[in-house]
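Opening the notebook on a new model today. I want to go through its helices, its packing and its charged pairs.

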Amino acid sequence: MTPDAKRFTGLQRLLHWSMAVCIIAMFFIGVGMVSTIMPKYVPLLATHKSLGVAIFVLAIIRLAVRARSGTPPLPADLPAPMRLAAHLSHYGLYGLMVAMPLLGWAMLSAGAYPVVLYGGLRLPAILPQNPTLHTVLWNAHSYLAFAFFALVLTHVAAALFHALVRRDGVFAAMAPVGSRSGATTR
């Protein structure tokens, strides 16, 4: 954390906002990918695979940085249910940032589809070919994508609630830029 322990470090904020852009893009690419049979499907799929691997790597880095740097404390007056919801939603977000790319990779492996990233890097299969398992993993990947999207929307709503209603510094702690005065941070 920063010396005043009221904001996340610059690296934590950079990772957060970079990943936010990547994850939102991934949702749109995924929807576009599964809703078309046009020639644009192939570049969407290639982008989806590469971006998924990038999100996975960034999530691992982010977890390591979080373990090393910690997090600012939540406001002391935050009600217990909101405190619990904050913790559980973050576990869910981190879990899905790691699980979704692994699930996609496993799904493609079970379907005997190569995972070739931009630059020609080919990832090895992590599961043997199995059409039934491919279908199960495809369904899990799809349903969890909707859950992930709902969780992201909830996260955005909570951030706006903290910024606009409570004005308790929670949003300011992760804001990409902001005042260093005590009035805008926790």
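My entries follow, one topic at a time.

**Ground rules.** I am working on a predicted model, so I keep in mind that local features need pLDDT of at least 70, side-chain atom pairs count only at pLDDT 80 or more, and totals for chains, interfaces and linings use all residues. Residues are numbered from 1 along each chain as its sequence is written, and side-chain values use heavy atoms, with hydrogens and water left out.

**Helix α3.** I took helices as DSSP runs (H or I, at least four residues), numbered from the N terminus. I checked the length of α3, residues 80-110, first: its 31 residues should span 45 Å at 1.5 Å a residue, and the end C-alpha atoms sit 43 Å apart, which agrees. The expected span here is 1.5 Å times one less than the number of residues. Then I looked for a bend, meaning the angle between axes fitted to the seven residues ending at a position and the seven starting there. I found a kink of about 25° centred on Leu 96. Just after α3, Ala 112 has a positive phi of about 60°.

**Nonpolar cores.** I counted a core as buried Ala, Val, Leu, Ile, Met, Phe, Trp, Tyr and Cys residues joined through side-chain atoms within 4.5 Å. Buried is under 20% relative accessible area, exposed is over 50%, and partly exposed is in between (1.4 Å probe, protein chains only). The largest core has 18 residues, and Ile 23, Leu 51 and Phe 148 are among those with the most contacts inside it. α1 (10-34), α2 (41-69), α3 and α4 (131-166) each give two or more residues to this core. What does Ile 23 touch, leaving out residues up to four places away in sequence? I get Ile 55, Met 97, Phe 148 and Val 152, with contact meaning heavy atoms within 4.5 Å. A second, separate core of nine residues includes Leu 108 and Val 115.

**Salt bridges.** My rule was a side-chain nitrogen of Lys or Arg within 4 Å of a carboxyl oxygen of Asp or Glu, and it gives two. Asp 77 pairs with Arg 166, closest N and O atoms 2.9 Å apart. Asp 77 is in the loop between α2 and α3 and Arg 166 is in helix α4, so the pair ties together parts 89 residues apart in sequence. Arg 166 also bridges to Asp 168 at 2.7 Å, N to O. I noted Asp 77 as exposed because its relative accessibility is 56%, Arg 166 as partly exposed at 23%, and Asp 168 as buried at 12%.
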